[in-house]
Amino acid sequence: MTAVPALDRGRPRSHAKRRGSRRTAKHPVAYLILSILALYAIGPMVVFVLASLKTPSEISESPLGLPGEFRWDNFATAWVEANMGAGLMNSVVIAVSTAVGVCVIAGCAAYALTRLDLPKPGVFILYLLVASSLPIQLFLVPLLSLWTKIGLYDSRFGLIVIYWAIYSPFATLLIRSFLIAVPKEYEAAARIDGAGEIRVFTRIVFPLVWPGILTAGLVAGLQAYNEFLLAVTFIQDSENLPASISLYSFQQGFSPNWALVSAAGLIMVLPVLALFIALQRRFVEGYTSSGMSG
Amino acid sequence: MIKTSARPPARRRRRVARGKLTAWLFIAPLLIVNVLVIAGPGLMSVYYSFTDWDGLDQADFVWFSNYTDLIGDPDFRRALLHNLLWTVFFLVVPMSMGLLGAFLLSRIRRGQLLFRVLFFIPYVIATVVSATVWRQILSPTSGIGPALSNLGIPLLDDVNFLGDGDIALGAVAFINNWQWWGFLVVIFLAAMQGIEPSLYEAARMDGAGAWREFWNITLPSIRPTFMFLSLMTVIWSFLVFDYVYILTQGGPAGSTDVLSTVMYRAAFSEQQAGYASAIGVMLALISAGTVCGYLYLRRRLRWDI
């Protein structure tokens, strides 16, 4: 019963394959080099995934080989031992709050810059460009002292506020570029009908620029999830540690248990990978605009 | 006549004033968090760099002595040298790999999207995770060295990539490159896709090979992107922190120290926050100087870059 459809499907597939290989044959060297580069990009991840399913002794006996038996319980052990459960929860809270906050802050600012009667928007844009290119190292030490004084040190909210500040300038410029592309006539018509600014923003402008806002939010959320320097500096209490810092402490030491470390690392990466593969076009778009703004 | 024309301006002025207020309200959250986190502490850093601040309360004005100390500090000078080596590495290796990957991708049709996703995956992985991946692969007890000697190739048997001061900096840079180059592929590819196809057709009519097409058409066409990314590479190379801190903490014996790790140590383990602020200000000046130097070459000397 299964054989017949399989045979049926087999023919067109092999036909497609032949056509594909003919096109591939046009650039054999290109495909060869690209495959080597892909191996370089993905190979280490494969080793990592395999390590997370082995025993420590299997890793030291054959570091790159297949596991004798898939040890899924490494993940359960790492979840508890490396504190990845709590870490993941904290990271998700931090990333989502950062993304939402950045969207609101940057969305409002971009709206003011493009649509509202702001004096000298050019000065603000210059300030944004300067603020987004100042190194964290410049303000790190006084910021820590300030945060300690006003009680924001060692709290997730304190870290989130910092992320809002450092990721908003770029998001503002990104959303602004989307807003510029929307014709102002739409809003003018709504204002003539007596709509207030907030109504104009939520009903007319937002539906047209949400792809830009979503991209800005994704980029900010991912950056917050992966961020290291600020997280390691501003969070101390193990209850508030994000996954990145839980993993960092877990892999320290001269010879850690690599099986559990790999499992803990994968726990941190899998949500991001799933989100990236689902929304890769939007991610790439967001990062591309950050790299090409020159 | 006068009455009717006098009323609208007053109303308009009121509406303009209200419009200005709305505009300020909309941009206020951005300004508040920015001043609180970046501008305020940034300016405080400049002030503290002229003091002997310990990070708590005590801060006496010492004028330029932090800066003169920096110039004489062998740790600082070694770290600066490492940052310069790092800059050269990142201007050469990832840029070449990014250009190569993007150029090849721009010439194929089948599988372009798949390769692009595969190359970009390391970039979305957290620094801590990719550092961990490579710490294991380069581990002298359970990494590639023992794996090769199991296969009868005892080439890397006694190589301790991250523990040997002579090669540790290169190993850390190699690991950072693994995460970085795929990003460059994606950006370069986006720029290359904007090139007019007729340019390539004309070159092909002249019988140009792939190499000449790259050199004469692709590279000149993406020059703005190329220059922007080079500029960013220089700036980021002076700010590198994560990989060094996670993998080696600047060791062994300072052989991987960079300016940021020296600063971090000064601020948080040696209680020399004033000195650390001076390093922070230096880093900001290096970034600003790079941008200004680039703009100067372009605007004043009219270099075509």
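Contact is taken here as heavy atoms within 4.5 Å. The structure is a predicted model, in which local features need pLDDT of at least 70, side-chain atom pairs count only at pLDDT 80 or more, and totals for chains, interfaces and linings use all residues. Residues are numbered from 1 along each chain as its sequence is written, and side-chain values use heavy atoms, with hydrogens and water left out.

Helices are DSSP runs (H or I, at least four residues) numbered from the N terminus. In chain B, helix α9 (residues 210–221) holds the buried residues B:Glu213, B:Phe214, B:Ile217, B:Thr218 and B:Leu219, where buried denotes under 20% relative accessible area (1.4 Å probe, protein chains only).

Between the chains, 94 residues of chain B are in contact with 93 residues of chain A. Together the two chains bury about 8300 Å², of which 77% lies on carbon and sulfur atoms; this buried area is the accessible area (1.4 Å probe) lost when two parts are put together, summed over both. B:Phe26, B:Arg110 and B:Gln136 contribute 9% of the area that chain B buries against chain A, more than any other three residues. On the side of chain B that touches chain A, the largest share, 23 residues, comes from helix α1 (residues 2–48) of chain B.

In chain A, the UniProt annotation "domain: ABC transmembrane type-1", from an unreviewed entry, covers residues 88–279; such annotations may be inferred rather than shown by experiment. Over residues 88–279, chain A is 80% helix.

Terms used
Chains are lettered from A and ligands numbered from 1 in the order in which they are written. Helices (H or I, at least four residues) and strands (E, at least two) are DSSP runs, numbered from the N terminus. Buried means under 20% relative accessible area, exposed over 50%, partly exposed in between (1.4 Å probe, protein chains only).
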